[in-house]
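Please look over this model with me. My notes on its packing follow as numbered points.

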Amino acid sequence: MTASPSLPRAEFHAAAERFGTPLYVYDAAELDAALARVRAAFGEARVFYALKANPNLTLIARLRAAGVGFECVSAGEIARAEHVGAEGGSILVNGPAKSREEYEAGARLGATFIVDREEEARLLPPGSRALVRVNPALSVSTHDHLATGAAGSKFGVTPEQAPGVLRALREAGHTALGLHVHIGSAIRLATDFGAAFARLAGLRAHTGELEVLDVGGGWGLGADLPGIAREAREAAGAFGAEVWVEPGRYLVARAGTLLTRVVGTKRTGRNFLLTDAGMTELLRPMLYGAVHPLTPLWDGGAEETWDVAGPACESGDLLARDVTLPLPHPGDLLAVGDAGAYGAAMSGTYLTRPRPAEALWEGGEWRLIRRRETPQEVWAAEV
Ligand SMILES: Cc1ncc(COP(=O)(O)O)c(C=O)c1O
């Protein structure tokens, strides 16, 4: 699959020259446009960006300046939110196995906790604000690893348990604001979300009115946001609750592109196009079979079918399979699109490969927002 990235080719070349490759680049205009689309669809709903999608400080500081809160799942993410000036009221602390450090950091800031099991009523710091995560036990149209609301998933309590957990929280002196549901990631069908939200709305008779219905995130690119928003409002209406949302991917994916240079080609029965980025920079193709749009930034020779392979000594280290691209030369630049979410965030230092640099295109110029790591930084904590 190929697609045109949002910026002119010359700007990608300029960024690659200046900062080197592999390089993540982001288009600020597309970041703003994505948030505008969310706000247009969800109106008054409170938006908590799921930091896991891309926690870069510059990107999250921009979101905070636009009035967005944060959903955090680790002490590190809470520290990032605090670092960009987020206050407790705009922080959600989530996770199926929170540590003492995470409870303490959340409590110090006055964050709202998303409770994943009844025992947390005893573990939460005194007088906490909390939502109860419900697993609606539904199968949805996404990769198995991306489904979090299926029967057998480790997340949340069953719908039958949820009213009892709300009661347990109140009896323990906490403020139980309402319910939370997040059914997975990269889901496009509003009907999948509608089924999950309706499962929660069905609990109304057992819960009474609630202040908040947090419907999570999980919206794939191209998802029907107005349709999902309609379903959310309808379910929240059953409780007299306000809607909270936690988009990750939707806010940052499209704005991001991974730039990688062609190292060479090789023909062994299959055609391999070798690049200087692979699984250590972009794990999603290997982890989920994710398909990212590829744009060759060279003037091409004849088109052929390629497997795009990274430099790691792992057979699974492929950025794409069976893609049609023109014959490249070493040094040509390939743009891997829709890479702003779970791209840099999941990059790793396997093989002592330093994590890539990141740059933001804003106001007609590039700005480095994360410098490339060095090998020495990769081993700096080793004794
Ligand atoms: C509870 C919760 N909320 C929000 C998100 C964000 O999901 P997405 O990036 O698909 O919108 C996740 C992702 O795993 C999540 O677990």
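**Notes on the packing**

1. The largest nonpolar core has 97 residues, and Phe42, Tyr49, Phe70, Leu179 and Trp219 have the most contacts inside it. A nonpolar core is a set of buried Ala, Val, Leu, Ile, Met, Phe, Trp, Tyr and Cys residues joined through side-chain atoms within 4.5 Å. Buried means under 20% relative accessible area, with a 1.4 Å probe and protein chains only. Helix α10 (residues 225–239) gives this core its largest share, seven residues. Helices here are DSSP runs of H or I with at least four residues, strands are E runs of at least two, and both are numbered from the N terminus.

2. The model is predicted: local features need pLDDT of at least 70, side-chain atom pairs count only at pLDDT 80 or more, and totals for chains, interfaces and linings use all residues. Residues are numbered from 1 along each chain as its sequence is written, and side-chain values use heavy atoms, leaving out hydrogens and water.

3. Now helix α7 (residues 162–171). Its buried residues are Ala162, Pro163, Val165, Leu166, Ala168 and Leu169. They pack against β5 (112–115), α6 (120–123), β6 (129–133), β7 (175–180) and α9 (204–207). Contact means heavy atoms within 4.5 Å. Just after α7, Gly173 has a positive phi of about 90°.

4. How do α4 and α5 meet? Ala75, Ile78 and Glu82 in α4 contact Glu101, Glu102, Ala105, Gly106, Arg108 and Leu109 in α5.

Conventions
Buried means under 20% relative accessible area, exposed over 50%, partly exposed in between (1.4 Å probe, protein chains only).
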